[in-house]
Amino acid sequence: MFRKVLVANRGEIALRVLNACKELGIRTVAVYSEADRNSLHVRFADEAICIGPPRLSESYLNVPAVISAAEIADVEAIHPGYGLLSENANFAEVCRASNIKFIGPPPEVTRLMGEKEKARQAMKKAKVPILPGSDGILSSVEEAQEWAKKVGFPVILKAKAGGGGRGMRIVRSEDELPNLYHAANTEAANAFGNGELYMEKFIENPRHIEFQMLADEHGNVASLFERECSIQRRHQKLIEEAPSLQVTPKLRDEIGRTLCRCLSEIGYQNAGTVEFLMDAERHLYFIEMNTRIQVEHPVTEAITGVDMVKAQLRIAGGERLDAILPSKLEIRGHAIECRINAEHPRKFTPSAGQISVFNVPGGNGIRVDTAQYAEGVIPPYYDSLIAKLIAYGLTRDEAIAKMERALSQFVVQGIETSISLHQEIFKDQAFREGEFDTGFMERFLAARTEVAK
Ligand code: MV4
């Protein structure tokens, strides 16, 4: 196992990774920006190195600064957490060139999955179900029209370099296509420096379901089952749960097996998430793959009992999956996560400042991942996630009851948070019955505005 690891992140995930290192007896090095001097990830690491001013581009995204810190501290590996440098293949290549192990997949695989159309073709080749759509990149509006006729409207244009909802256009009829093609093309060229587009059949209000995978460096791959992530607003997830009520044991097993074969063929390594859309007939279709640990990994940890960050470290250290995982992975119980954000619960405007009161709930079935504390300061430069509240029960109803109890005991004063929004969602009948899709939040917020009038 590694002697010393650098954690190239901040906030709750930096703390989560430090904790996993500690439990494995690995020495830890934190990096931090000038705005994070008093952060818990700095306090709890064995060593901490300031890598620059508050702005992300000058600190946490500054590759030479991060690599210099790793060399000065003489670490053997870097864990990137999520966001920031976690899906940057160039960074993983610089790590490799500097003889530092990047804890994640090889840069070649990260690059393949970053090119969404190539990822789609790779999945198709391995018999993972994909949506009807173009075979490769569209070379002109004319070619787009031909594919749209074949696939049938509505279709969606997506940027090859996109993801997370940027550079997409829904096209509902032939006459709309030329304008929307040019709009998507221009937007993608400006946002990603690459305007190339592909096309898929558009699914109206799908559910968003993702499979958690772990792969070792010896060709072994395991599925840690799915998470349901449809409760989101503007591509920001708010609530995730596992397992999904919509996935039957048969479908779970089929998709899991197919993905294991597929990722083994591709040479995937470490943790990864394969995203699917589910249509009204409950069919799953691959859309993209995330090559990092995700925010919502604790719900999978709760239902499988696997410490996924420890698994990441051990995989990167060369261990085999059969030494890391139980002999038979099984789902036990149900877990739900609420992302607590420092933002106005109705307006969604970010809320920076100093926390005065911070009471974290606990007790049976409750887990809170946070790097915040009373008198801590939320800087205005970074994302608004301040805590993840995870409830676990033997049934979904039990997890809901525990979550509602814990939300009522989570007290944050001094800044605004999304806690009251979560409490309202948990009162919603459709949510409680599991009757929701990716259109849920828009409908929920529209109905709430009506009531407020
Ligand atoms: C789609 C889709 C419907 N049909 N693709 C949005 C983000 C990106 N990861 C993929 N997205 C979508 N792709 C087809 N063919 C609808 C969405 C989508 C969505 C997907 C997952 C979670 C939330 C979403 C919210 C709006 C649209």
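Three strands form an open sheet in the order β7-β6-β8, and the pairing is antiparallel. Strands here are DSSP runs of E with at least two residues, helices are runs of H or I with at least four, and both are numbered from the N terminus. Two strands count as paired if DSSP finds at least two bridges between them. The edges of the sheet are β7 (169-171) and β8 (197-201), each of which pairs on one side only. Neighbouring strands are turned against each other by 30° on average, direction ignored. The model is predicted; local features need pLDDT of at least 70, side-chain atom pairs count only at pLDDT 80 or more, and totals for chains, interfaces and linings use all residues. Residues are numbered from 1 along each chain as its sequence is written, and side-chain values use heavy atoms, with hydrogens and water left out.

Strand β6 covers residues 155-159 and pairs with β7 in the antiparallel sense over three bridges. Within this pairing, L157 stands opposite R169 of β7. Two helices lie across β6 and β8. Helix α6 (residues 116-125) lies across both strands and runs at about 50° to β8. Helix α7 (residues 141-151) also lies across β6 and β8, at about 15° to β8. Contact here means heavy atoms within 4.5 Å. Axes are lines fitted to C-alpha atoms, for helices over the stretch in contact, and angles run from 0 to 180 degrees between N-to-C directions.

The loop between α7 and β6 holds P154. The peptide bond from F153 to P154 is cis, with omega near -5°. P243 lies in the loop between β11 (236-242) and α9 (249-266).

A polar side-chain atom of K158 lies 2.9 Å from a ligand nitrogen atom. For K201, a backbone N or O atom lies 2.7 Å from a nitrogen atom of the ligand. In the side chain of E288, an N or O atom is 3.3 Å from a ligand nitrogen atom. The protein covers 89% of the 520 Å² of accessible area that the ligand has on its own (Shrake-Rupley method, 1.4 Å probe).

A five-stranded open sheet has the order β3-β2-β1-β4-β5, with parallel pairing. Its edge strands are β3 (47-52) and β5 (101-102), and each pairs on one side only. Strand β1 (residues 4-7) pairs with β4 in the parallel sense over three bridges. V7 has H79 of β4 as its bridge partner. Helix α1 (residues 11-23) lies across β1, β2 (27-33) and β4, and runs at about 170° to β1. The loop between β4 (77-79) and α4 (89-97) contains L84. Phi of L84 is near 40°, a positive value in a residue other than glycine.

How values were computed. A polar contact is a pair of N or O atoms within 3.5 Å; within protein, one must be able to donate a hydrogen and the other to accept it, and residues adjacent in sequence count only if both atoms are side-chain atoms.
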